[in-house]
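Welcome, and thanks for taking a look at this one with me. Below are some numbered notes to read alongside the structure.

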Amino acid sequence: MTNFWDTLLNFAETNTARIGTKLLEDFGRLQPTLKSDGSLVTSADKWADEEIRNAILDTFPSHDILSEEGEHVFSGAEWCWVIDPIDGTTNFTRGIPIWGISLGLLYQGTPIFGYVHFPNINQSFHGYWHGASSTDGENGAFMNKRPIHTSSDSPSQNQFFNLCARSTAVLQKPLPCKIRILGVTTYNFLCVATGAALGGVESTPKVWDLAAVWTIVQAAGGVLVPLKEGSVFPLQEGENYGDRSYPTLVSSRAELVPVFKPLVEYLGEKR
């Protein structure tokens, strides 16, 4: 299996770099349109989605694909890629440099490999998380191929907790950390994986927002906590994931979940 994991990493690295270079030409220059769920989309999202899907079909013809701009129904395939061609489209269209290309690979419905590339800021994250899977390999999380790990620090006003735009009501209660809003689900959670933040929350992430970082955050020592009943993964055969949101808390370690969860768990009750 070693060569398989090397093939995955090389595939993700090569194709996100190629696509990211082209997207930089359109960065801050495209007029978005509004999708039915209220999110934005551009011609660049659709182009990148097609490029990634074609690359997967060429390299891994037996693998299935779910994507934000394409297929939303999980077929039950043993191997399935879950892709977000531009996570942070609003940032992308407004000229804010934090946005990325996210690729997650599922085995039997659960993520085991993730790769997220942020072209503007030259940061690429990847990770392997085998969990209870029968796949062989070592767990690990990396930024620009260097190992990363969550922070062991305690909450304080010198530490960060990341919110999303739909979770700002959290501020009605005192939070034990400084607040940041980054506008990109993957980067929100990856900041916890690197130790830059102690936690973060997203109110309405979809499976393509979570698939890659689900792997990387856990491999870095972090914990992802669903805020409504039921788990995100494994995905279920025949289910349409296009309109499903999964409010999620991420914490740098399990000991901090009781600190952060009471402050944000209402987000799961709303959905």
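1. Let's begin with the inside. The largest nonpolar core has 37 residues, and V207, I216, F233 and L235 are those with the most contacts inside it. Please keep in mind that this is a predicted model.

2. Which elements supply this core? At least two residues each come from β4 (79-87), β6 (110-118), α4 (185-193) and α5 (207-219). The helix that gives the most is α5, with ten residues.

3. Now for a sheet. Five strands form an open sheet with mixed pairing, in the order β11-β10-β12-β14-β13. Its edge strands, β11 (178-181) and β13 (223-226), each pair on one side only. On average, neighbouring strands here are turned by 20 degrees against each other, ignoring direction.

4. Within this sheet, have a look at β10 (residues 160-163) and β12 (residues 199-202). How do these two strands run, parallel or antiparallel? They run parallel, and two bridges join them. For a landmark, find N162, which stands opposite G200 in β12.

5. Two helices deserve a look together with the strands. α4 lies across β10, β12, β13 and β14 (248-251), and runs at about 160 degrees to β12. Helix α6 (residues 257-264) packs on the sheet as well, where it touches β10, β12, β13 and β14. The direction of α6 makes about 155 degrees with that of β14.

6. Finally, the pair α4 and α5. Their axes come within 9 Å and cross at roughly 5 degrees. Angles under 35 degrees count as roughly parallel, so α4 is roughly parallel to α5.

7. Which residues make the contact between these two helices? From α4 come T185, T186, F189, L190 and A193, while α5 brings D209, L210, V213, I216 and V217. Sorted by class, the contact of α4 with α5 has seven nonpolar residues, two polar and one charged.

Methods: Residues are numbered from 1 along each chain as its sequence is written. This is a predicted model: local features need pLDDT of at least 70, side-chain atom pairs count only at pLDDT 80 or more; totals for chains, interfaces and linings use all residues. Side-chain values use heavy atoms; hydrogens and water are left out. A nonpolar core is a set of buried Ala, Val, Leu, Ile, Met, Phe, Trp, Tyr and Cys residues joined through side-chain atoms within 4.5 Å. Buried means under 20% relative accessible area, exposed over 50%, partly exposed in between (1.4 Å probe, protein chains only). Helices (H or I, at least four residues) and strands (E, at least two) are DSSP runs, numbered from the N terminus. Two strands pair if DSSP finds at least two bridges between them. Axes are lines fitted to C-alpha atoms, for helices over the stretch in contact, and angles run from 0 to 180 degrees between N-to-C directions. Contact means heavy atoms within 4.5 Å. Angles under 35 degrees count as roughly parallel, over 145 as roughly antiparallel, 65 to 115 as roughly perpendicular and the rest as oblique. Ala, Val, Leu, Ile, Met, Phe, Trp, Tyr, Cys and Pro count as nonpolar, Asp, Glu, Lys and Arg as charged, and the others, Gly among them, as polar.
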